[in-house]
Amino acid sequence: MGKLDGRRAIITGGGSGIGRACALRMAQDGARVLIGDVRDDDARETVEIVRAQGGDAVAVHCDIGDEAQVDAMTARAVEAFGGVDTLVACAGISSRAPVHALSLDDWERVLRVNLTGTFLCCRAALREMLRGGKGSIVTIGSVQSLYIAGSGAASYKASKAGILMLTRVIAAEYGDDNVRANCVCPGGVDTPLQRHIAEDAPHWTSPITEPRRTYPFASPIRRDADPMEIANVVAFLASDEASFMTGAAVMVDGGYTAI
């Protein structure tokens with residue numbers, strides 16, 4: 001018996017990085033997983049890996065900043081699994097420009113995906129969780145939800161701070177409904193995010209400039225995390241083993257916030 005047996009999970013950004021690791025780990029623990037991602041080939045590859053390991057998974061194209069696509073993704077999960085009781089809101093993007101050089105278009109693009117997209121996914125999942133009488137939401141914030149770690153990327157940092165507060169609001173509002181919400185805040189993680197930023201560069205309108213200030217971003221464990229090290233914590237929070245945890249900012253940062 002896995003600790004997530006019978007769970008029906010939506011995992012956004014599940015085509016790569018932390019999202020893919022969450023899909024694999026949660027499927028190993030017995031969850032049925034729907035992978036939502038804008039990178040269709042990556043999402044399908046995650047599904048193939050899950051199925052090859054004996055799990056149950058489906059893929060859906062979803063731009064989480066689009067309300068209709070989020071609602072359609074959630075409806076597909078209900079169709080495939082009979083309901084939704086778990087959400088891992090992992091999808092996100094970033095830009096590099098400092099505040100004085102950041103265009104409004106780029107600011108809004110990051111907030112649309114990271115913060116508004118997380119809100120839309122949480123809202124849609126909550127409606128199903130309330131119908132089912134229980135649920136667990138795990139959002140992916142960052143050490144930058146709380147601290148100025150590294151340099152630049154104001155829109156990313158602001159969005160991650162907003163994700164943490166949104167998560168805490170959900171925890172406070174829905175505790176009586178047997179719905180928990182927690183925010184995992186990773187430090188450095190070895191993911192394709194920087195590659196995706198480079199691939200998306202033609203769509204940004206802000207100039208790429210050197211940051212005005214640089215700040216060290218190092219942890220006592222002197223390496224980046226493997227995505228599975230984050231997924232292990234996400235799977236725990238999604239499970240009943242974390243039944244008395246809600247509204248938490250769970251730092252998985254190699255000790256960065258301890259120093």
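Buried means under 20% relative accessible area, exposed means over 50%, and partly exposed lies in between, with a 1.4 Å probe and protein chains only. The model toured here is predicted, so local features need pLDDT of at least 70 and side-chain atom pairs count only at pLDDT 80 or more, while totals for chains, interfaces and linings use all residues. Residues are numbered from 1 along each chain as its sequence is written, and side-chain values use heavy atoms, with hydrogens and water left out.

**Cysteines**

Select Cys 183 to begin. At 0% relative accessibility, Cys 183 counts as buried. Next, select Cys 122, which is also classed as buried, at 2% relative accessibility. The cysteine sulfur closest to that of Cys 122 belongs to Cys 121 and is 7.0 Å away, too far for a bond. Cys 183 likewise is in no disulfide, the nearest cysteine sulfur being that of Cys 185 at 3.9 Å. A disulfide is taken as a pair of cysteine sulfur atoms within 2.5 Å, and a search of the whole structure finds zero of them.

**Helices H4 and H5**

Now select residues 104-132, helix H4, together with residues 154-174, helix H5. Helices (H or I, at least four residues) and strands (E, at least two) are DSSP runs, numbered from the N terminus. The axes of H4 and H5 come within 8 Å and cross at roughly 15 degrees; axes are lines fitted to C-alpha atoms, for helices over the stretch in contact, and angles run from 0 to 180 degrees between N-to-C directions. H4 and H5 are therefore roughly parallel to each other. In this scheme, angles under 35 degrees count as roughly parallel, over 145 as roughly antiparallel, 65 to 115 as roughly perpendicular and the rest as oblique.

Contact means heavy atoms within 4.5 Å. By class, this contact has 15 nonpolar, five polar and no charged residues. Here Ala, Val, Leu, Ile, Met, Phe, Trp, Tyr, Cys and Pro count as nonpolar, Asp, Glu, Lys and Arg as charged, and the others, Gly among them, as polar.

**From Ala 154 to Asn 178**

Stay in helix H5 and select Ala 154. Not counting residues up to four places away in sequence, Ala 154 touches Ala 97, Val 99 and Trp 107. Moving on, select Asn 178 in the loop between H5 and strand S6 (179-186). Its phi is near 65 degrees, a positive value in a residue other than glycine. Asn 178 is partly exposed, with a relative accessible area of 49%.

**Thr 12**

Select Thr 12 in strand S1 (residues 8-12). Thr 12 counts as buried at 1% relative accessibility. Leaving aside residues up to four places away in sequence, its contacts include Gly 36, Met 73, Cys 90 and Cys 121.

**Helices H1 and H7**

Finally, select helix H1 (residues 17-28) and helix H7 (residues 227-238), which pack at an angle of about 55 degrees with their axes 8 Å apart. That angle makes H1 oblique to H7. H1 passes H7 in a right-handed crossing. Among the residues that meet are Ile 18, Cys 22 and Arg 25 in H1 and Met 228, Ala 231 and Val 234 in H7. The contact of H1 with H7 divides into twelve nonpolar residues, two polar and one charged.

Definitions and conventions:
A crossing is left-handed if the near helix is turned anticlockwise from the far one by less than a right angle, and right-handed if clockwise.
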